[in-house]
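Please look at the sequence and the structure shown below before reading on.

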Amino acid sequence: MEKKIYPNNPLGIIAIFVFFIEAITAASLGFLKENPVLLQMIVVFIIAFPSFIAFMFFTILLFKREILFAPSDYKDEDNFMQIINQKFEKLETQQSFIQTVNHPPTKVDDVYLLVDKLLEQQEYKNIVRIGRAYLKLDENEKCFRLFEYVANKMPKSNNFYYTMIANCAYSKIKLQKFDEALLYLNEVESILGLKMEVWHLTAKTYALYKMGREAMFKEYLGKVKNHEAYNDELKTSLRLYPDLSHYLTEEEAVPLN
């Protein structure tokens with residue numbers, strides 16, 4: 001049987017590297033007696049370096065454990081090739097995503113295959129970026145169809161579900177279908193409750209304003225102006241909803257009912 005030569009995988013190389021670094025620094029301590037400042041720095045390095053390596057090791061082990069092993073470490077090397085192929089597939093998906101965000105296809109149906117792959121990889125933020133690319137182009141109906149498609153494929157328990165239906169609401173607002181937008185925003189509020197973000201509250205306030213629901217409009221305007229993130233998002237709110245400028249910039253907050 002042919003003997004293995006070590007190190008033969010990334011873990012072995014890291015171990016040898018750390019050993020030599022520690023051995024060289026430890027051996028140099030005897031030559032630094034006359035320089036206490038430098039000696040102190042070397043001692044700190046000897047203590048801190050292994051700690052840093054251990055931290056990085058466990059971080060990699062948590063997120064990218066496959067890069068620590070060579071093909072020969074697998075009982076079946078086909079498993080290694082399967083992982084590599086998955087990496088390539090994910091890379092191809094990311095490249096398709098970048099191209100789609102920069103140049104959204106005219107037919108939104110052409111995007112669904114990419115969206116399905118992103119759903120499998122749980123790349124929900126990238127799905128949102130694709131949808132908002134249509135929103136920026138005022139392709140509001142296509143934007144709505146995409147977010148509705150994704151929302152119907154996701155369980156309501158998923159943390160990104162409410163983000164998808166919120167974007168459905170934004171699409172409906174752009175389409176001036178405020179009653180339908182309000183239904184989606186009500187669902188968002190039922191999920192988030194008191195943790196509802198200010199931009200969702202502002203969108204609901206705007207929908208109520210355009211529908212002439214005066215009492216509820218005043219109630220939600222008060223929630224917006226009393227929200228802790230109100231000042232941070234004011235400029236964005238004024239840009240998105242110029243009809244609310246007068247109400248949002250009043251100095252006094254609207255009292256809650």
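A residue is called buried when its relative accessible area is under 20%, exposed when it is over 50%, and partly exposed in between, with a 1.4 Å probe and only protein chains considered. The model is predicted: local features need pLDDT of at least 70, side-chain atom pairs count only at pLDDT 80 or more, and totals for chains, interfaces and linings use all residues. Residues are numbered from 1 along each chain as its sequence is written, and side-chain values use heavy atoms, with hydrogens and water left out.

**Overall architecture**

- The protein has 12 helices and 0 strands; helices (H or I, at least four residues) and strands (E, at least two) are DSSP runs, numbered from the N terminus.
- Of the 257 residues in the protein, 35% are buried.
- Contact means heavy atoms within 4.5 Å. Among contacts between residues at least 6 apart in sequence, 57% join residues at least 24 apart.

**Helix H5**

- Helix H5 covers residues 124-136, and its 13 residues should span 18 Å at 1.5 Å a residue; the expected span is 1.5 Å times one less than the number of residues.
- The end C-alpha atoms of H5 are 19 Å apart, which agrees with that expectation.
- The buried residues of H5 include Tyr124, Ile127, Val128 and Leu135.
- Just after H5, Asp138 takes a positive phi of about 60 degrees.

**Aromatic rings**

- The structure holds 9 aromatic pairs. Rings of Phe, Tyr and Trp (its six-membered ring) pair if their centres lie within 6.5 Å; planes under 30 degrees apart count as stacked, over 60 as edge-to-face and the rest as tilted.
- Phe144 and Tyr184 form an edge-to-face pair, with 6.0 Å centre to centre and 70 degrees between the planes.
- Phe144 lies in helix H6 (residues 140-153) and Tyr184 in helix H8 (residues 178-192), so the pair ties together parts that are 40 residues apart in sequence.
- Both Phe144 and Tyr184 are buried.
- Lys172 lies over the face of Phe144, at 4.0 Å from the ring centre; a charge sits over a ring if NZ of Lys or CZ of Arg is within 6 Å of the ring centre and within 35 degrees of the ring normal.

**Phe49 and its surroundings**

- Phe49 is found in helix H2 (residues 36-63), and it counts as buried because its relative accessibility is 14%.
- Leaving aside neighbours within four places in sequence, Phe49 is in contact with Phe17, Val18, Ile21 and Glu22.
- Phe49 and Val18 are 31 residues apart along the chain, and their C-alpha atoms are separated by 8.5 Å.
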